Amino acid sequence: MLRIVVMVSGGGTNLQAIIDAVENGAVRNTEIVGVISNNKNAYALERAKKHNIPAKCISPKDFRSREVFNEKLLEEVNAYAPDLIVLAGFLVVIPPAMIVKYRNRMINIHPSLIPAFCGTGYYGLKVHEAALHRGVKVVGATVHFVDEGTDTGPIILQKAVEVQKGDTPEVLQRRVMEQAEWRILPEVIDLIANGKVSVVDGKAVISD
Ligand code: GRF
């Protein structure tokens, strides 16, 4: 059974997609053992509680320094003994020690087809604003392993979504969530839970 901790900062629609997929069997051999948010008002915490999943808030604002927060965050994550950490809209910089400890055991969902519209400053609606400003015809989402960079780890799965005439950033964001994020994030978790993902020469490989 794959023990996963999901880390969130906002509405938690990706967390909900994971919860639903675990409950309906689309994601096999997996248990969500904890949800952690840096934002005490994150609706994602409510979603976890509704499904009796242990949930807690750990905010940098509550610590005298980032270093002390980083230590506490890693301590709290380790306490769940996770096999996999899922960053689902988590907007806090991951402590370097956590990246090392969970190398190739921590994944992130990014709302673009990496390497497009990613890296520092590209998050949430800003990604879709940039895509519309550039005039791309295809966008999408990416699930990747987390490394020391920003959105730079091995890409595991991507899904493309068409830009439609008249799209606003909000409309495009919702389509990317519905048609891509909420599908590929659970799919990657199921693949990992069933031993189908490995990293070879810095590239993620999915076996049949
Ligand atoms: C999603 O757009 C995801 O791609 C990005 O942050 C957002 C989180 O949304 N990383 P939610 O909290 O899952 O609704």
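**Reading strand S6 and its fold**

Biologist: What share of the contacts with a separation of 6 or more joins residues 24 or more positions apart?

Modeller: Contact means heavy atoms within 4.5 Å. In this chain, 64% of the contacts with a separation of 6 or more link residues 24 or more positions apart. The model is predicted, so local features need pLDDT of at least 70, side-chain atom pairs count only at pLDDT 80 or more, and totals for chains, interfaces and linings use all residues. Residues are numbered from 1 along each chain as its sequence is written, and side-chain values use heavy atoms, with hydrogens and water left out.

Biologist: How many helices and strands are in the chain?

Modeller: Both are DSSP runs, numbered from the N terminus: helices are H or I with at least four residues, strands are E with at least two. The chain has six helices and nine strands.

Biologist: How many residues of strand S6 are buried?

Modeller: Buried means under 20% relative accessible area, with a 1.4 Å probe and protein chains only. S6 covers residues 138–145, and seven of its eight residues are buried. Across the chain, buried residues make up 50% of the 208 residues.

Biologist: Which strands pair with S6?

Modeller: Two strands pair if DSSP finds at least two bridges between them. Strand S5 (residues 106–110) pairs with S6 in the antiparallel sense over four bridges. There, histidine 110 stands opposite threonine 142. Strand S7 (residues 155–162) also pairs with S6 in the antiparallel sense, over seven bridges. Glycine 140 has alanine 160 in S7 as its bridge partner.

Biologist: Where do side chains point in a regular strand?

Modeller: They alternate between the two faces of the sheet.
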